[in-house]
Amino acid sequence: MFADLIPDLKSAMPDLRGRLLGNEPLAPLTWFRVGGPAQVLFTPADEDDLAYFLQRLRADIPVYCFGVGSNLIVRDGGMAGVVIRLSPRAFGATRVEGDIVHAGTAALDKRVAEAAAAANLSGLEFLFGIPGSIGGALRMNAGANGGETKDILVEATAVSREGTLHRFDNAAMAFTYRNSGVDTSFVFTADTEVIRARMQAVQEHRETAQPIREKTGGSTFKNPPGHSAWKLVDAAGCRGLRVGGAQVSEMHCNFLINTGDATAHDIETLGETVRARVKAQSGIDLHWEIKRIGVARG
Ligand SMILES: Cc1cc2nc3c(=O)[nH]c(=O)nc-3n(C[C@H](O)[C@H](O)[C@H](O)COP(=O)(O)OP(=O)(O)OC[C@H]3O[C@@H](n4cnc5c(N)ncnc54)[C@H](O)[C@@H]3O)c2cc1C
């Protein structure tokens, strides 16, 4: 349990409209379903409310924004400071104007792809198969089936840690492989893009190639230049490897899964074991694509 910050926050922010919860479990907010609580979980009422909150939050309190948790391992000791979760009600709207799709960052990638397809726009079909939100796609430069976020983004808006609104065009997002160069303290709030169909084919491919119905975080390691992470993991004999309740997927061995009772520690230890075996077998260092956050249980 973390110290209760809620009374201090409420008295420093009398006009706050969003929801503040203390020591709130984070496991239900991630795909792996593991990890400890957030000291504070804040759900802003809208963008102005988020800015108001950040302007008045003590500078020494860390802030971390969650999407829908499909790329996160929260450690078992939880997260000190504030976790921000954008609700689909306030940040999930999607609308199409001409050949531009406007989407809030809590909108699911899949819904944004569907909205584009319904408007006969092409280019965003790759988003249909990624189980995250647009906020996560911006931070991770999410991509699949030959497309990635940097190919389709026009502009994103974000609120800084100081509570000011900023706009980032595609170049300013400084996209690289599964990352954006924008400082990690920014919370993306809305964005702009383009799209179209072939989504059925994308979905069918996923159902057979990836364990998308498991508790997982998607691709665990980035592909090293010139190599496939899954091939290196397989060659190192790690397919099906287990630590506690965590297992390297038999179906796609760059996926780790929580088979039921895994802790975050099990999953992270399994990942590190795989990295060590791959290093020993091939001499190649694998780098985590999944974000590991929070503190280990003491
Ligand atoms: C079964 C499965 C398949 C997957 N397949 C793919 C794939 O094909 N391609 C791919 O790229 N990824 C894939 N992933 C990983 C994951 O879906 C993507 O990284 C996705 O973009 C994460 O979005 P999210 O909303 O879940 O973000 P989260 O996991 O909640 O967060 C990921 C990062 O984004 C940041 N973030 C989220 N929202 C915001 C915001 N509003 N403002 C600022 N930062 C924010 C977080 O701080 C964190 O650093 C897969 C995951 C699973 C479980």
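A salt bridge is a side-chain nitrogen of Lys or Arg within 4 Å of a carboxyl oxygen of Asp or Glu. The structure holds 15 of these salt bridges. This is a predicted model: local features need pLDDT of at least 70, side-chain atom pairs count only at pLDDT 80 or more, and totals for chains, interfaces and linings use all residues. Residues are numbered from 1 along each chain as its sequence is written, and side-chain values use heavy atoms, with hydrogens and water left out.

Take the pair Glu 272 and Arg 292. Their side chains form a salt bridge at 3.5 Å, N to O. The pair links distant parts of the chain, 20 residues apart: Glu 272 lies in helix 9 (residues 264-282) and Arg 292 in strand 19 (residues 291-293). Helices (H or I, at least four residues) and strands (E, at least two) are DSSP runs, numbered from the N terminus. Glu 272 is partly exposed, at 31% relative accessible area. Buried means under 20%, exposed over 50%, partly exposed in between (1.4 Å probe, protein chains only). Shared partners join Arg 75, Glu 268, Glu 272, Arg 275 and Arg 292 into one salt-bridge network.

Now the interior. A nonpolar core is a set of buried Ala, Val, Leu, Ile, Met, Phe, Trp, Tyr and Cys residues joined through side-chain atoms within 4.5 Å. The largest has 27 residues; Val 112, Leu 127, Ile 134, Leu 138, Phe 168, Met 173 and Phe 188 touch the most other members. Strand 7 (100-104), helix 4 (109-118), helix 5 (134-140) and strand 10 (155-159) each give two or more residues to this core. A second, separate core of 24 residues includes Phe 221, Leu 241, Cys 253 and Leu 256.
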